[in-house]
Amino acid sequence: MEKKVLINIGRQYGAGGKGVAEILGERLGIPVYDNELLQKAAAESGVSPAIFRKNDERRRVWRFGSLFGLNRASSYAPSGIDETELFKYQSQAIRDIAQQGSAIFLGRASDYVLRDMECLDVFICAPLEARVGRVVERTGMSPEEAEKYILKKEKARRDYYNFFTFGDWGVASNYDLCLDSSLLGLDGCADLVIEFGRRCGLI
């Protein structure tokens with residue numbers, strides 16, 4: 001694509017945000033970055049990928065030097081690191097990718113990280129009942145277990161986003177477009193994102 005396209009997708013847990021991102025990536029020919037961001041941040045910071053995975057979209061503080069390992073040659077090994085430093089490394093990985101070309105970012109406060117760039121910010125949501133059904137189908141959990149798990153994951157995402165952005169996760173005014181996947185389906189959401197983005201000149 002001639003025009004650089006940057007799409008940030010926030011999502012409620014179980015609403016299918018990742019699926020929408022993958023459909024968009026396939027239709028637009030744009031790479032989608034999800035867990036790949038953690039690997040890139042780890043490679044560039046020298047911090048063990050396991051630390052990024054454990055802290056992914058959640059707030060937690062690590063203060064133990066023995067937990068850290070280097071992935072590349074370095075003149076030092078970190079003696080301690082906290083969640084703010086991890087967020088900084090991950091944010092830099094997002095910005096590096098965005099500066100190189102078109103990309104679709106899934107979560108990780110990418111809308112905030114790239115707030116000074118021309119991006120399309122999307123939020124995918126769905127009623128709790130629909131999300132419980134999706135998680136039950138995907139994991140085999142009971143509906144009760146799935147609801148408890150969803151609420152736990154969403155609290156972690158909300159706390160993470162609000163802490164680092166000083167914003168409000170999932171609030172419509174933070175995004176260009178909010179879509180209910182239970183009404184539109186994943187393909188329908190992708191259709192509207194593309195149409196909206198083209199009308200706005202962002203795709």
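Q: In which helix is the place of aspartate 187?
A: This is a predicted model, and its secondary structure comes to eight helices and five strands. Among these elements, the one that holds aspartate 187 is helix α8.

Q: Is aspartate 187 buried, partly exposed or exposed?
A: Its relative accessible area is 45%. Buried needs a value under 20% and exposed one over 50%. With 45%, aspartate 187 therefore counts as partly exposed.

Q: Which arginine does the side chain of aspartate 187 meet in a salt bridge?
A: The N to O distance in this salt bridge is 2.9 Å. The pair links distant parts of the chain, 160 residues apart, with aspartate 187 in helix α8 (residues 181-200) and its partner in helix α1 (residues 17-28).

Q: How far apart in space are aspartate 187 and glycine 19?
A: In sequence, 168 residues separate aspartate 187 and glycine 19. Going C-alpha to C-alpha, the distance in space is 8.7 Å.

Q: How many salt bridges does a search of the whole structure find?
A: Aspartate 116 is exposed, with a relative accessible area of 56%. For the whole structure, the search comes back with nine.

Q: Are aspartate 34 and arginine 108 buried or exposed?
A: Their side chains meet in a salt bridge with an N to O distance of 2.7 Å. Aspartate 34 sits in the loop between β2 (32-33) and α2 (36-45), arginine 108 in the loop between β3 (103-106) and α5 (110-113), and the two are 74 residues apart. As for accessibility, both aspartate 34 and arginine 108 are buried.

Q: Which lysine is linked with Asp34 and Arg108 in a network of salt bridges?
A: Asp34 and Arg108 form a salt bridge with each other. The network also takes in a lysine, and that residue is Lys18.

Q: Which residues of strand β5 are on its covered face?
A: In a regular strand, side chains alternate between the two faces of the sheet. Strand β5 (residues 177-180) has Cys178 and Asp180 on its uncovered face. On the covered face are Leu177 and Leu179.

Q: Which residue stands opposite leucine 179 in β5?
A: β4 and β5 pair in the parallel sense, over four bridges. Opposite leucine 179 stands isoleucine 124.

Q: About how much accessible area does the nonpolar patch of Leu183, Leu184 and Leu192 have?
A: Leucine 183 lies in helix α8. Its relative accessible area is 71%, so leucine 183 is exposed. Together, Leu183, Leu184 and Leu192 have about 280 Å².

Q: Is the pair of phenylalanine 163 and phenylalanine 164 stacked or edge-to-face?
A: A pair of aromatic rings is described by the distance of the centres and the angle of the planes. A search of the whole structure finds eight aromatic pairs. In this pair the centres are 4.9 Å apart and the planes at 85°, and planes over 60 degrees apart count as edge-to-face. So the pair is edge-to-face.

Q: Over the ring of which tyrosine does the charged end of arginine 115 sit?
A: Another such contact has the charged end of lysine 88 over the ring of tyrosine 89, 5.7 Å from its centre. For arginine 115 the distance to the ring centre is 4.0 Å. The ring belongs to tyrosine 112.

Q: What is the phi of phenylalanine 166?
A: Most residues other than glycine have a negative phi. Phenylalanine 166, in the loop between α7 (143-165) and β5, is exposed at 73% relative accessible area. Its phi is positive although it is not a glycine, at about 60°.

Conventions. Residues numbered from 1 in each chain as written. Predicted model: local features only at pLDDT ≥ 70, side-chain atom pairs only at ≥ 80, totals over all residues. Heavy atoms only, no water. Salt bridge = Lys/Arg side-chain N within 4 Å of Asp/Glu carboxyl O. Buried < 20%, exposed > 50% of the residue type's maximum accessible area, 1.4 Å probe, protein only. Pairing = 2+ DSSP bridges. Patch = residues over 30% accessible without salt bridge, like charges linked within 9 Å, V, L, I, M, F, W, Y side chains within 5 Å. Areas by Shrake-Rupley, 256 points an atom, 1.4 Å probe, with all protein chains shown as cover. Phe/Tyr/Trp six-rings, centres within 6.5 Å; stacked < 30°, edge-to-face > 60°. Lys NZ or Arg CZ within 6 Å of the ring centre and 35° of its normal.
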